[in-house]
Amino acid sequence: MASLNGKVAVITGAGSGIGRATALLMASRGACVTAADLDSNRAIAVAADVRAAGGRAIHHTVDVAREDEIRDLIAATVAAFGGVDILHNNAGEVRPEPYGRDATISVDAMDEAHWDHFMNVNLKGAMLGCKWAIPEMLKRGGGVIINTSSNASLAGQEATAAYGVSKGGLNTLTQYVATAYGPRGIRCNAVVPGLVLSPAAASVSAEALAPLVENILTPYIGVPEDVAYLVAFLASDEARYITGQLIVIDGGISAHVQWYTDMRRQRLAGG
Ligand SMILES: NC(=O)c1ccc[n+]([C@@H]2O[C@H](COP(=O)([O-])OP(=O)(O)OC[C@H]3O[C@@H](n4cnc5c(N)ncnc54)[C@H](O)[C@@H]3O)[C@@H](O)[C@H]2O)c1
């Protein structure tokens, strides 16, 4: 088990799903955690859950798309715990409505505000997190940044361009930060989940999820804790030689040829 004893971790989007699981896991491995979320009640609840389990945590309300709020998030963490060692840029725009329209909007129908919103939360938010956390990490001789990307960034789809492209930019940001700050002790990686049964994903209809589920190779669908284990490992010293990487965690969705699923379906149908 990778220890995070004595480390200070800031986790955005910590109020739910992957961020919540990461906050609880990192705290159980010894990290002091700032649980940051747009939804204050969720952030408060997760910090309370960490403390109830014997860990150390504060909550912080933040809109990651706002630079003043990110600056305050990092400052509050330094005030509470003395510095920052780990940043998990996990907050993402995944709400079903009104931005769930992304699932049906193709580029020729793209609404400018819609596009800007995804870029602001999913891409600019992570850049701002890096901007304000990196100086604090450098003061401590290094640190670790983990960005939550998505397999929607790895290839095209008919719609969801705003989401997929924002995560593609996040992949590139990961490589730029790793390159610029690696020599000064900061590692930066992205976890690239496929379908993970967080509350956000669970709110999508079974019909809409079916094509994804059919392509998963494992006999089960991933849950937020599966991603949290990967994030906690990347945050630990056991991962000290891993930087600038996009690490896919998708139950094998991206590991097989396109026609595999059709062949399996036919086989199961006795065809
Ligand atoms: N669940 C999946 O299948 C899946 C797949 C690929 C990638 N992801 C990515 O994982 C990350 C977490 O998603 P999840 O599935 O756990 O979703 P979730 O809805 O369970 O949690 C997301 C959290 O982010 C918070 N948030 C949203 N906008 C914010 C903002 N502007 N500032 C601060 N907090 C904000 C929400 O309040 C929420 O608590 C996202 O970046 C998402 O794109 C999820």
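User: Before we get going, what are helices and strands in the numbering here?
Analyst: They are DSSP runs numbered from the N terminus, with helices (H or I) having at least four residues and strands (E) at least two. Please keep in mind throughout that this is a predicted model.

User: Noted. Where is Trp 259, then?
Analyst: Trp 259 sits in the loop that runs between strand 7 (246-249) and helix 9.

User: And is Trp 259 buried or exposed?
Analyst: Trp 259 is exposed, since its relative accessible area is 53% and the cut-off for that class is over 50%.

User: Switching to the ligand: which residues come nearest?
Analyst: There are 29 residues around the ligand, and those that come nearest are Ser 16, Asp 37, Tyr 163, Lys 167 and Ser 198.

User: What's the distance from Tyr 163 to the ligand?
Analyst: A polar atom in the side chain of Tyr 163 is 2.6 Å from an oxygen atom of the ligand. For Lys 167, an N or O atom of the side chain lies 2.8 Å from an oxygen atom of the ligand. Val 64 contributes through its backbone, where an N or O atom is 3.1 Å from a nitrogen atom of the ligand.

User: How much of the ligand's accessible area does the protein cover?
Analyst: On its own the ligand has 830 Å² of accessible area, and the protein covers 92% of that.

User: Which elements give two or more residues to the shell around the ligand?
Analyst: Those are helix 1 (17-28), helix 5 (161-181) and helix 6 (199-202). The largest share, 3 residues, is supplied by helix 6.

User: How do the shell residues divide into nonpolar, polar and charged?
Analyst: The shell around the ligand holds 14 nonpolar residues, 11 polar ones and 4 charged ones.

User: New topic: how many salt bridges does the structure hold?
Analyst: It holds 10 salt bridges. One of them pairs Arg 20 with Asp 49, whose closest N and O atoms are 2.7 Å apart.

User: Where do Arg 20 and Asp 49 lie?
Analyst: Arg 20 belongs to helix 1 and Asp 49 to helix 2 (residues 40-52), so this pair ties together parts that are 29 residues apart in sequence. Arg 20 counts as partly exposed at 31% relative accessibility, and Asp 49 is also partly exposed, at 32%.

User: What about Arg 265, which partner does it meet in a salt bridge?
Analyst: Its side chain meets that of Glu 214, at 2.6 Å from N to O. Because Arg 265 lies in helix 9 (residues 260-268) and Glu 214 in helix 7 (residues 206-214), the pair ties together parts that are 51 residues apart in sequence.

User: Last one: which residues are linked in a network of salt bridges?
Analyst: That network links Arg 66, Asp 68 and Glu 69. Within it, the side chains of Arg 66 and Asp 68 form a salt bridge of 2.8 Å, N to O. Arg 66 is partly exposed at 40% relative accessibility, while Asp 68 is partly exposed with a relative accessible area of 28%.

Terms used: Residues are numbered from 1 along each chain as its sequence is written. This is a predicted model: local features need pLDDT of at least 70, side-chain atom pairs count only at pLDDT 80 or more; totals for chains, interfaces and linings use all residues. Side-chain values use heavy atoms; hydrogens and water are left out. A residue is near a molecule or strand if one of its heavy atoms lies within 4 Å of it. A polar contact is a pair of N or O atoms within 3.5 Å; within protein, one must be able to donate a hydrogen and the other to accept it, and residues adjacent in sequence count only if both atoms are side-chain atoms. Accessible areas come from the Shrake-Rupley method with a 1.4 Å probe; for residues, only the protein chains shown count as cover. Ala, Val, Leu, Ile, Met, Phe, Trp, Tyr, Cys and Pro count as nonpolar, Asp, Glu, Lys and Arg as charged, and the others, Gly among them, as polar. A salt bridge is a side-chain nitrogen of Lys or Arg within 4 Å of a carboxyl oxygen of Asp or Glu. Buried means under 20% relative accessible area, exposed over 50%, partly exposed in between (1.4 Å probe, protein chains only).
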